[in-house]
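Got the sequence and the model open? Let's walk through it together, one question at a time.

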Amino acid sequence: MPPAMPEPDRATLSRRAEIVAALRRIVPNGVIDDAASMAVYESDGLTAYRQLPMLVCLPETTEQVSQILKYCSANEVKIVPRGAGTSLSGGALPLADGVLLGMAKFNRVLEVDYANRVAIVQPGVTNLAITKEVEGEGFYYAPDPSSQIACSIGGNVAENSGGVHCLKYGLTTNNVLGVEMVLVDGEIIRLGGRQLEQRGLDLLGLIVGSEGLLGVVTEVTVRILPKPELARAVLVGFADTTSAGSCVAGVIAAGIIPAGMEMMDRPAIHAAEAFVHAGYPLDVEALLIIELDGPAAECDHLIDRVAAIAKENGAVSLRTSTSEAERLTMWAGRKAAFPAVGRISPDYYCMDGTIPRRKLPHVLQRMNELSNEHGLGVANVFHAGDGNLHPLILYDANKPGELERAEEFGADILRLCVEVGGVLTGEHGVGVEKRDLMPVMFTETDLNQQQHVKCAFDPASLMNPGKVFPQLHRCAEMGRMHVHRGQVPRPDLPRF
Amino acid sequence: MLQPADEQEIREIVSHAAGAGSALEIVGGGSKRNIGAPRETTQLSTSRLNRIVDYDPAELILTVEPGARLSEIEALLAQHNQMLAFDPWDFAETTGGEPNGSTISGVIGSGFAGSRRISAGSVRDHLLGFHAVNGRGEAIKAGGNVVKNVTGYDLPKLMAGSWGQLCVLTEVTLKVLPRPPESRTLVMRDLSHATAVDAMGQAMRAPADVAAASYVPAQNNEPSITAIRLEGFGPSIEARSRLLTGLLKNAGHLEPMETSEAGAHWLRIRAGNLPPALLPLLWRMVVPPARGPDVLDGIERFGGIGMMDWAGGLIWARTVAEAAAPIREVAELAGGHAMLMSAPEDVRHDIPARHPEPAAVAALSQRVRRAFDPAGIFDPLRFEAKASERSP
């Protein structure tokens, strides 16, 4: 069951024909209003939740986006922005009374400025297309979410996407230098640019990861980096997850920050091996893929050190890539872990909590107990270097009650992450999916502070309402919460 | 000066100030107090909240209270061969004030990163979470204690560079990194502004993992110095040195700088240490790196002096007061901005320290400030100037 969304506004729905006509005047060939054609937009990467939008609008220019938002503001019509629709948290789930604003036509690389080491792209350009554009000159765009072939840079900005290499090279937020965006009233602004620091408050840092709640990004300036001379991967097997965890800690204690450091547990290893035949050992409980990059001399030096640390921590198997093809095969299993699990279970539900690394053995043990309690299997892939877990809960949607049980199991895992000092989501976003768990991590005061920030951008709550926040406050009511000697009223606002 | 002992006392002070509408200036070590306009405020010092709350080297995470001294934090991290990778410095090195006074809240409030910015990121990239008291007198928190976290808005980004105008920090969590085991500085002498930035750009475009790159123009019969710093494991530094020597052979002769000389050189660059002489205004300008030479030419055209860090992307400059308007114009034309870091009181009275923003962005920033501080009590006039018509 998807969490409840804001009640559709009848007045808006009754004006649908008028709204369609008005938006068609702004984007003559870019409005879709028949149910059959809108069906592809009814969900994103979180396919368990579906909703047809009131209409779909596909602008091509910043000016059109500005006019659309101006119209929607004046007419109090809600807007749900959408990039490539790969969100795993339902960030682009449509609203029955909302405009689904698809940014797919913003698909051009506008400029590559090698002198300043930046690329300026439209938000619909895919993550991988940026690297493709610059790799001839020896560059790449560092954040590499597993969906990089499909996901758009605009979506990456909205979600602050990570990837297996963000341990060393950072998340989207660390690699974006500027945006052009349209505010809900149609105002077009620029934040940041080709330089490494913006003037004034770091509003750019706030926009990245704001899940489409603060405005619509129409252009993105990203840093591009020279591709390291060489990358080599080491595949290390362990008899238990605790030893694998100590190996991860040992690598970091030695002052080594690998380009990537991934862990898989037994169910994930077996699923991946059956799917891509990456040559993973099947008689181990945990597998680490540790990637080192840089000059050949650095890779050789660090691989020797990592191998020694692995042995000290009881590694039972160890293999180092000797060619680029072998390295890519090692990664192929990990990168295909989700579809591989899809082959062993009719459905799976992917979680995304982050924990302090030292809590890993405890969390994995608790997860096994929860798995027994809920009667559902779980396979774990884990960005071990930065503590980001991706438990894949195995279920069958055709069996009555299993989806609900999977959701409960997932919620228990996320509560566990917060309980051990971690967070609800490391890179997939809150969206609809984790919205109602926000109070597990934040107090009402914390969430109100975030909503005050939201109100600074979007006073009528028209941008992607129903996402991120468990309660939809009206900004006017928030605005009345003036301080009188620290006594803040707490209006008893209805849950939707 | 108010010196609350804990979060509860801060809440009371803030609530009272909000009720009375009086301005509070949050002070850490006080080393950056003279950045901004002369103004009437009540100072709120966080110096008594100075504990190291949690430090687990294996997690690469440090949690401290705002008044913790930068020098103390760096000494603690050094014991475990770790560091704050964004390369902060004690602001006394820039202004010549009392040393070892800088606190972590001042480092975060200013958002100033040192020379390693180009390779390791800025303060914003290392602040993971915080606790604070907002202008409503409420205790709030945002972010978290782990490096990978997208739960809710990334409010920690806003704190870095907020100059105490959003809330009073009461606890911060930072990402720390291993200290590189070795460092080597390679220099070329006698390059022009343009050839230096070209050479640094070539190095940045190569897979050489340049940690820092700076340029000091010729002065007093000393040739210009273009310096490139490599950090990491010995064999890697060796390989990258060879790569750069080959790559830049047409630009000039690249030679290693002696370690102690290199140490002093980078300290001076990081702190923007330019001799004051008869040039009382100190500027910190951030521009697209390839525009560095144009900006430096512009500074010199108006009688100033300057030097470049961040491979051309950061320029420290000294000028006379009359050059203020042209300097801002030079920065703007290059696509960047200029912050006034130090100036006599009368100049600070007339010229806003922070480069003014376009109207729509300024209005949005103001709304975001009000989202934290509805009564406008947190040092509201710091970046206002007499010449400005904008109300606080």
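**Strands, helices and a contact**

In this predicted model, β14 (residues 281–286) of chain B is joined to β16(B) by 6 bridges, and the two strands run antiparallel.

Q: Over how many bridges do β15(B) and β16(B) pair?
A: Strand β15 covers residues 305–309 of chain B, and its pairing with β16(B) is antiparallel. Gly306(B), for instance, stands opposite Ala317(B). The number of bridges between β15(B) and β16(B) is 5.

Q: Which residue in the hairpin of β15(B) and β16(B) takes a positive phi?
A: Most residues other than glycine have a negative phi. The hairpin has 4 residues between its strands, and a positive phi near 50° turns up there at Trp310(B).

Q: What span does α7(B) reach from its first C-alpha to its last?
A: The helix has 13 residues, and the expectation at 1.5 Å a residue is 18 Å. The model comes close to that, and α7(B) reaches 18 Å.

Q: Which elements are included in what covers the buried residues of α7(B)?
A: The buried residues of α7(B) include His193(B), Val197(B), Met200(B) and Met204(B). Their cover comes from chain B, and includes β10, β11, β12, α8 and α10.

Q: Which element gives the largest share of the side of chain B that touches chain A?
A: The contact takes 78 residues from chain B and 79 from chain A. On the chain B side, elements supplying at least two residues include α1, α7, α8 and α13. That side divides into 35 nonpolar, 24 polar and 19 charged residues. Its largest share, 8 residues, comes from α13(B).

Q: Why is one side of β5 and one side of β9 in chain A left without a neighbour in the sheet?
A: The open sheet has 5 strands in the order β5-β6-β10-β8-β9 (chain A), with antiparallel pairing. β5 (109–113) and β9 (188–192) of chain A stand at its edges, so each has a single partner strand.

Q: What is the bridge partner of Val118(A) in β10(A)?
A: Strand β6 (residues 118–121) of chain A is joined to β10 (residues 216–223) of chain A by 4 bridges, running antiparallel. In β10(A), the partner of Val118(A) is Arg223(A).

Q: Where in chain A is the pLDDT below 50?
A: The mean pLDDT of chain A is 93, and 96% of its residues reach 70 or more. Where pLDDT is low, the predicted coordinates should not be read in detail. In chain A, the stretch below 50 is residues 481–496.

Terms used
Residues numbered from 1 in each chain as written. Chains lettered and ligands numbered in written order. Predicted model: local features only at pLDDT ≥ 70, side-chain atom pairs only at ≥ 80, totals over all residues. Pairing = 2+ DSSP bridges. Contact = placed C-beta atoms within 7 Å. Nonpolar A, V, L, I, M, F, W, Y, C, P; charged D, E, K, R; others polar. pLDDT = per-residue confidence, 0-100. Expected span 1.5 Å × (residues − 1). Buried ≥ 20, exposed ≤ 12 C-beta atoms within 10 Å, placed from the backbone.
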